[in-house]
Amino acid sequence: MKIILMPNPYRDKQFKYAMRAREILEESGAAVHLCLPFDVDRDFDAPAGMHFDDLKTEVRGADMLVCFGGDGTILHASKLATANHLPILGVNIGTMGFIAELEAGELELLRKLPKKEYTLEPRTMLDVTVTGASGQHLLHETALNDAVITKGAIARVVQMSVHCDGVEAANFSGDGVILCTPTGSTAYSLSAGGPIIEPAAKNFLITPICAHAMQAKSIVVAPKRVIDVYMGKVGRHNAFLSVDGGRALRLNMGDRITVRVSDKVTRLVRLKDTNFFEILNRKFTDRG
């Protein structure tokens with residue numbers, strides 16, 4: 001079994017957890033390759049003697065990705081994993097780590113991987129496209145968590161019209177709107193007042209952000225629906241779209257953001273028989 005370990009170098013300081021994971025997996029018979037999930041700053045100082053394999057090369061023929069970091073690291077790695085039809089396992093070295101399967105102190109459970117003692121949990125993804133007012137193609141991405149439209153730092157509010165299968169479902173001005181998967185329902189959408197959706201439900205959410213309208217509430221959408229968000233007046237500093245927390249795309253009046261359920265599915269590795277509601281309690285209720 002070929003496993004790629006992808007530690008976030010700014011979370012896994014000195015790669016302590018990744019090195020321990022490699023030791024455990026190699027003892028268990030796996031072929032392990034250590035790769036960085038993204039390019040590091042020029043002044044990044046890796047430990048002496050530390051060698052990293054080329055990610056694009058090693059992903060070919062791999063059986064699984066194991067990443068170390070917070071939810072942002074897992075979201076970043078999930079795009080590569082999904083594109084290469086690989087399951088992904090997250091080890092939390094962040095604060096919340098809601099998507100992660102393991103905490104940093106549970107690395108011994110990695111011994112199950114070469115023995116195939118794990119299950120795979122499919123997670124819905126969203127297909128996100130942006131079309132300009134003149135019909136030009138501006139963006140096409142997939143999201144495991146969410147696609148977020150927000151106002152600029154200085155802009156007052158943005159005006160949006162949200163359509164579901166061609167019928168207007170909401171029209172409001174505010175700070176923006178979140179379109180998210182069940183996985184993303186426990187992230188920004190939850191903070192904005194949206195409901196929690198368990199992953200097995202496969203629906204997705206439209207959650208307004210600080211909408212200046214009495215009727216602008218979260219809407220739970222069936223997976224077959226197609227959502228279009230039309231940008232109205234966005235102020236002199238425009239609005240922005242960010243997919244899974246990635247680089248923001250500037251939006252202008254007349255742009256159309258189309259969101260539908262993607263054909264792609266992220267497969268999360270499960271080593272523990274943990275109920276979704278047990279995870280909710282542990283992450284939100286028991287944090288002290």
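What you're looking at is a predicted model, where local features need pLDDT of at least 70, side-chain atom pairs count only at pLDDT 80 or more, and totals for chains, interfaces and linings use all residues. Residues are numbered from 1 along each chain as its sequence is written, and side-chain values use heavy atoms, with hydrogens and water left out.

By that rule there are two cavities of 30 Å³ or more, a volume being the space filled by probe spheres set on the points, with points joined across faces, edges and corners. The second largest cavity, about 30 Å³, has F98, I99, A100, R123, R270, F276 and I279 around it. The largest cavity comes in at about 50 Å³, and its lining includes F98, A100, R270 and I279. Helix α5 (residues 276-285) provides the largest share of that lining, three residues; helices here are DSSP runs of H or I, at least four residues, and strands are runs of E, at least two, numbered from the N terminus.

Now for the open spaces. The largest pocket holds about 440 Å³. Its lining counts 21 residues, with L75, V243, D244, G245 and G246 closest to the centre. Which element gives the most to this lining? That's α3, with five residues. The second largest pocket, about 160 Å³, also draws its largest share from α3, three residues in this case. H76, A77 and L80 are among its lining residues, as are M6 and P37.

Finally, the packing. A nonpolar core is a set of buried Ala, Val, Leu, Ile, Met, Phe, Trp, Tyr and Cys residues joined through side-chain atoms within 4.5 Å, with buried meaning under 20% relative accessible area (1.4 Å probe, protein chains only). The largest one has 27 residues, and V128, I149, V229, M231, L241 and I257 have the most contacts inside it. Leaving aside neighbours within four places in sequence, I257 is in contact (heavy atoms within 4.5 Å) with V128, I149, V229, M231 and L241, among others. A second, separate core has 24 residues, including L36, M64, L107 and V269.

Conventions:
Buried means under 20% relative accessible area, exposed over 50%, partly exposed in between (1.4 Å probe, protein chains only). On a 1 Å grid over the protein atoms alone, a cavity is a set of points where a 1.4 Å probe fits but cannot get out, and a pocket is an open set with protein on both sides within 12 Å along at least five of seven lines; lining residues have an atom within 4 Å of a point.
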